[in-house]
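I open this notebook to record what I looked up in the structure shown below.

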Amino acid sequence: MDEIILTCFHCGNKTSMKRVASHELTDHDEIFDYSFSSYRPAYVVSLYKRWNVYICPVCKEITVERVTSFSEEIGPEGEPIYNKKLIYPMNSNDTNYIPDTVNDAFVAALKVRHLDGAVCIMALRRTLEKMCKDKEAKGKDLFDKLKNCQRRN
Ligand SMILES: [Zn+2]
């Protein structure tokens, strides 16, 4: 089975990990062009997905990678384009509705969550403080500010 170099977000080690499991499926969608025929699809598009499970030799925890490709997105030679993303453990926050300052603080907290619990808690507190600042919450301390945020929502 395959082996790749990955950063383990459980223990923080960058190491060679062995693929221990894999699952794949392909979804087909029929696209109709009713001006042409309502009985047969004009063409079929497909979405391919594969999940690879890797195990960290240091902490024996798993990392899951999702590989996707879409039949309408192909390379210059007609080859499929594979998009790879690590989906477990969560190591980033793909959102566009969380302000950058809050998101940066949260991502910093996620990075250390399996390494140092106390540092992670301080980073999470910083995240909440940045969130309160963004919402212009009033209060003498974090507890007050969070209550102030909640009242206005
Ligand atoms: Zn590990």
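I count four donors as tetrahedral if all angles lie between 85 and 135 degrees. Donors are N, O and S atoms within 2.8 Å of the metal (3.2 Å for Na, K and Ca); water is not among the atoms, so sites may look incomplete.

The model is predicted: local features need pLDDT of at least 70, side-chain atom pairs count only at pLDDT 80 or more, and totals for chains, interfaces and linings use all residues. Residues are numbered from 1 along each chain as its sequence is written, and side-chain values use heavy atoms, with hydrogens and water left out.

Metal site. I looked up the zinc ion and found it coordinated by the SG atoms of Cys 8, Cys 11, Cys 56 and Cys 59, at 2.3 Å. The four donor atoms subtend angles of 106 to 114°, so the arrangement is tetrahedral. The ideal angle for four tetrahedral donors is 109.5 degrees. Along the chain, the donors follow the spacing C-x2-C-x44-C-x2-C.

Accessibility. I use relative accessible area: buried is under 20%, exposed over 50%, partly exposed in between (1.4 Å probe, protein chains only). Cys 56 is buried at 0%, whereas Cys 59 is partly exposed at 26%.

Backbone. I noted that Lys 60, which is not a glycine, has a positive phi near 60°; Lys 60 is exposed at 58%. Glu 136 is also not a glycine and has a positive phi of about 55°; Glu 136 is exposed, with 58% relative accessibility. Finally, I recorded a cis peptide bond between Tyr 88 and Pro 89, with omega about -10°.

Terms used. Four donors count as tetrahedral if all angles lie between 85 and 135 degrees; four count as square planar and six as octahedral if opposite donors are over 155 degrees apart and all others between 65 and 115; anything else is irregular.
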